[in-house]
Amino acid sequence: MSGTKDKIAGLANEAAGHVKQGVGKAIGSEKLQAEGIVQETKGHIQQAVGDAKDAVKAGANKVADAVNKKL
């Protein structure tokens, strides 16, 4: 999965988790609130993975550019 796809999936999980928390709070379901927190956290982690992938790709591109300039 590319960095962008990870970021999009992360945003979707964050949004769904946030909604679950709100619904859980509204109906008094601690279980649903907890599921929402877990899903939102998963979204944060997915976004961080996407950022890391993008950073690695950018670093690799810089190295490749430097090597190509020396050739």
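Student: Is Lys7 buried, partly exposed or exposed?
Tutor: This is a predicted model. Buried means under 20% relative accessible area, and exposed means over 50%. Lys7 has 27% relative accessibility, so Lys7 counts as partly exposed.

Student: Which residue forms a salt bridge with Lys7?
Tutor: Side chains of opposite charge can pair when their charged atoms come close. The cut-off for a salt bridge is 4 Å between nitrogen and oxygen. Here the closest N and O atoms are 2.7 Å apart, and the partner of Lys7 is Asp54.

Student: How many residues apart in sequence are Lys7 and Asp54?
Tutor: Lys7 lies in helix α1, while Asp54 lies in helix α2. The pair therefore ties together parts that are separated in sequence by 47 residues.

Student: Is Asp54 buried, partly exposed or exposed?
Tutor: Partly exposed covers the range between the buried limit of 20% and the exposed limit of 50%. Asp54 has 28% relative accessibility, so Asp54 is partly exposed.

Student: Which residue forms a salt bridge with Asp6?
Tutor: The closest N and O atoms of this pair are 2.8 Å apart. Asp6 sits in helix α1 (residues 3-27), and its partner sits in helix α2 (residues 30-70), 47 residues apart. That partner is Lys53.

Student: Is Asp6 buried or exposed?
Tutor: The limit for buried is under 20% relative accessible area. Asp6 has 7%, so Asp6 is buried. For Asp6, then, the word is buried.

Student: How many residues apart are Glu35 and Lys31 in helix α2?
Tutor: Glu35 forms a salt bridge with Lys31, with the closest N and O atoms 4.0 Å apart. An α-helix has 3.6 residues a turn, so residues three or four places apart point the same way. Both residues lie in α2, and their separation is about one turn of the helix: four residues.

Student: How far apart are the end C-alpha atoms of α2?
Tutor: Helix α2 has 41 residues. At 1.5 Å a residue, α2 should span 60 Å. The distance in the model agrees with this: 61 Å.

Student: Which helix do the buried residues of α2 pack against?
Tutor: The buried residues of α2 include Leu32, Gly36, Gln39 and Gly43. The buried residues of α2 pack against α1.

Technical notes. Residues numbered from 1 in each chain as written. Predicted model: local features only at pLDDT ≥ 70, side-chain atom pairs only at ≥ 80, totals over all residues. Heavy atoms only, no water. Salt bridge = Lys/Arg side-chain N within 4 Å of Asp/Glu carboxyl O. Helix = DSSP H or I, 4+ residues; strand = E, 2+ residues; numbered from the N terminus. Buried < 20%, exposed > 50% of the residue type's maximum accessible area, 1.4 Å probe, protein only. Expected span 1.5 Å × (residues − 1). Contact = heavy atoms within 4.5 Å.
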